[in-house]
Amino acid sequence: MAKRFTDTEKWKKYWFRTLSNDHKIFWFYLLDNCDHAGIWEVDFDLADYFCKGIDEQEIRQVFSKQFIEFANKKRWFIKDFIDFQYGELKENNRMHKSVISKLTKHNLIKFMGLTSPLQEAKEQEQYKDKVKVKEKIQERESKFSLSANSYVDSKGYDKNEIDKFVSYWTEKNKSGSKMKFEMQQTFDISRRLANWMSNKKEWKIDKPVVENKFKKTKTGLYIAYCNKCGKKNYPNDYQLKQQSCCGVEFVPNPPEPDKYNQPNKDKEILARILN
């Protein structure tokens with residue numbers, strides 16, 4: 001025969017003393033007939049046999065704040081049962097361990113502010129994995145930085161530009177697992193550093209190409225012009241950041257005729273006459 005604690009102060013509590021006698025009797029019945037984890041197998045026919053004259057709908061409404069219904073309304077979990085009978089649950093207590101196992105089985109452990117042992121172990125593993133990934137990223141970033149900085153002495157490159165170069169290429173992707181330089185099929189750090197130092201638009205952070213100034217074709221290509229010869233081009237996103245056919249930047253509009261030395265027809269005719 002199971003023995004349980006009872007609250008002698010319940011008679012003074014407003015919610016209890018305002019219950020009807022039938023409802024008080026049902027509450028006693030519920031506390032005596034739930035299992036050691038505070039779970040009651042819903043059986044109103046049996047409850048009515050002992051309590052006489054109870055109404056299921058009334059009971060559900062009156063005690064709606066005292067229980068959590070689960071398993072397709074076949075079971076109730078009495079909210080305050082665990083706290084009153086056991087206090088704080090501890091895994092090293094044999095009795096508590098059985099209760100924790102039952103609550104975990106029915107996914108009720110979350111209502112006690114506890115984490116199941118399996119979930120806790122899983123979270124610890126996930127944390128360890130994140131730490132390992134972070135350490136690997138830091139190691140790769142450090143190696144990349146050391147490799148880039150070696151050119152300060154060997155090539156005489158400016159240290160500030162090297163730092164900008166490293167910052168740009170060690171930017172993380174969305175998942176944070178790879179850096180920008182690792183997402184290239186091949187990465188020739190010597191060539192890319194040389195491009196960076198020669199101020200190629202492809203690599204400069206402080207002078208980005210403003211794509212929204214360029215018009216686009218129906219296929220999504222940009223309409224751009226060589227800033228020297230005026231030749232019309234249709235570059236994609238990557239090509240737009242490169243130099244044009246004359247080694248200069250692309251511009252969204254044709255340059256002025258005198259800018260790319262277009263001969264004046266009158267001057268050309270005059271030159272032919274003189275010759």
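Author: A residue counts as exposed when its relative accessible area is over 50%, as buried when that area is under 20%, and as partly exposed in between. Keep those cut-offs in mind. The model is a predicted one.

The protein has 11 helices and seven strands. Of its 275 residues, 29% are buried. The whole structure holds nine salt bridges.

Start with Glu-9 and Lys-12. Their closest N and O atoms are 3.5 Å apart. Lys-12 has 59% relative accessibility, so this residue is exposed. Glu-9 has a relative accessible area of 39% and is partly exposed.

Next comes the pair of Lys-102 and Asp-35. Here the closest N and O atoms lie 3.2 Å apart. Asp-35 is buried, because its relative accessible area is 19%. Lys-102, at 28%, is partly exposed.

Now turn to helix H8, residues 159-169. Lys-159 and Asp-163 both lie there, four residues apart, which is about one turn of the helix. Their side chains form a salt bridge, at 2.8 Å from N to O. Both ends are partly exposed: Lys-159 has a relative accessible area of 39%, and Asp-163 has 34% relative accessibility.

One group goes beyond a pair. Glu-56, Arg-60 and Glu-69 are joined in a network of salt bridges.

Technical notes. Residues numbered from 1 in each chain as written. Predicted model: local features only at pLDDT ≥ 70, side-chain atom pairs only at ≥ 80, totals over all residues. Heavy atoms only, no water. Helix = DSSP H or I, 4+ residues; strand = E, 2+ residues; numbered from the N terminus. Buried < 20%, exposed > 50% of the residue type's maximum accessible area, 1.4 Å probe, protein only. Salt bridge = Lys/Arg side-chain N within 4 Å of Asp/Glu carboxyl O.
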